[in-house]
Amino acid sequence: MLQRVRPGMKRRIDWLCTIVIEFIFYSFIGWTYETILTSIVWGRFAERGWLHLPLCPIYGFCGLAILLVLHKVKSVPLIFLFGTLFTTAAELAASYILEFFLDKPLWDYDSWALNFDGRIALGSSLIFGVLCVLLVKSFHTAAKYATDKMSSTAKRVTAAVMLGAIAVDVLILL
């Protein structure tokens with residue numbers, strides 16, 4: 001026999017679905033940024049990321065983490081500084097973790113000035129700081145507006161389909 005979902009549980013499920021949708025949105029923005037930047041630098045189309053889907057999950061994770069900490073911060077310099085430091089540390093950690101699991105590096109900053117072991121570079125860190133400001137001041141507002149307009153059912157279906165697609169993509173890669 002099916003039990004009715006309590007209102008508090010329904011709100012938590014909707015909140016979790018919103019988080020999943022925002023994660024996908026920020027991952028897509030990251031993929032778009034990286035694909036455009038790399039295509040310009042290389043002079044040819046250069047699809048980025050290790051998934052088949054147009055997503056760079058590190059941007060989703062970092063975006064959610066930045067918002068968790070900075071969602072009420074009004075100071076643009078503080079958002080930029082914290083965002084730069086946090087995303088640089090996350091990129092460095094991700095470079096080691098992904099290289100360990102995938103047995104190859106996914107990016108190389110050796111040709112960038114002021115880089116560390118080709119894993120992080122000052123230029124990319126500053127760009128990430130700017131992206132963090134855009135996230136807190138603009139991207140999150142757009143994502144929140146879109147998810148607030150969705151019905152509970154639409155959020156659940158969208159989140160489930162997106163998670164399913166990512167799971168299939170990861171399984172294909174393994």
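Student: Which element gives the largest share of the lining of the largest pocket?
Tutor: H3, with nine residues. Keep in mind that the model is predicted.

Student: What makes a residue part of that lining?
Tutor: It needs an atom within 4 Å of a pocket point. In the largest pocket, with a volume of about 850 Å³, 36 residues line the space. The closest to its centre are Cys56, Pro57, Ile58, Tyr59 and Phe61.

Student: Which elements give two or more residues to this lining?
Tutor: Helix H1 (7–42), H2, H3, helix H4 (122–149) and helix H5 (152–173).

Student: How do the residues of this lining divide by class?
Tutor: Into 30 nonpolar, three polar and three charged. Tyr and Cys count as nonpolar, so Cys56 and Tyr59, both among the closest to the centre, belong to the nonpolar class.

Student: What is the volume of the second largest pocket, and which residues are closest to its centre?
Tutor: The volume is about 320 Å³. Of its 15 lining residues, the closest to the centre are Thr38, Arg48, Asp108, Tyr109 and Trp112. H1 gives the largest share, six residues. By class, the lining has eight nonpolar, three polar and four charged residues. Arg48 and Asp108 are lining residues, and Arg and Asp count as charged.

Student: Why is the pair of Tyr59 and Phe128 called edge-to-face?
Tutor: Take two steps. Rings pair if their centres lie within 6.5 Å; these centres are 6.0 Å apart, so the two rings are a pair. Planes over 60 degrees apart count as edge-to-face; these planes stand at 75°, so the label holds.

Student: What makes this pair a link between distant parts of the chain?
Tutor: Tyr59 is in helix H2, Phe128 is in helix H4, and they are 69 residues apart. The structure holds eight aromatic pairs, and this is one of them.

Student: How do you know that H2 and H3 meet?
Tutor: Contact means heavy atoms within 4.5 Å. Residues of H2 including Ile58, Cys62 and Ala65 meet residues of H3, among them Phe82, Phe86 and Ala90. By class, this contact has 11 nonpolar, two polar and one charged residues.

Student: At what angle do these two helices pack, and is the crossing left-handed or right-handed?
Tutor: Helix H2 (residues 57–70) and helix H3 (residues 76–102) pack at about 145°, with axes 11 Å apart. The crossing is right-handed.

Student: And how many helices and strands does the protein have?
Tutor: Five helices and two strands. From the N terminus on, they run α-α-α-β-β-α-α.

Terms used
Residues numbered from 1 in each chain as written. Predicted model: local features only at pLDDT ≥ 70, side-chain atom pairs only at ≥ 80, totals over all residues. Heavy atoms only, no water. Axes fitted to C-alpha atoms, helices over the stretch in contact; angles between N-to-C directions. Helix = DSSP H or I, 4+ residues; strand = E, 2+ residues; numbered from the N terminus. Left-handed = near helix turned anticlockwise from the far one by under 90°. 1 Å grid on protein atoms, 1.4 Å probe; cavity = no way out; pocket = protein on both sides within 12 Å on 5 of 7 lines; lining within 4 Å. Points joined across faces, edges and corners; volume = space filled by probe spheres on them. Phe/Tyr/Trp six-rings, centres within 6.5 Å; stacked < 30°, edge-to-face > 60°.
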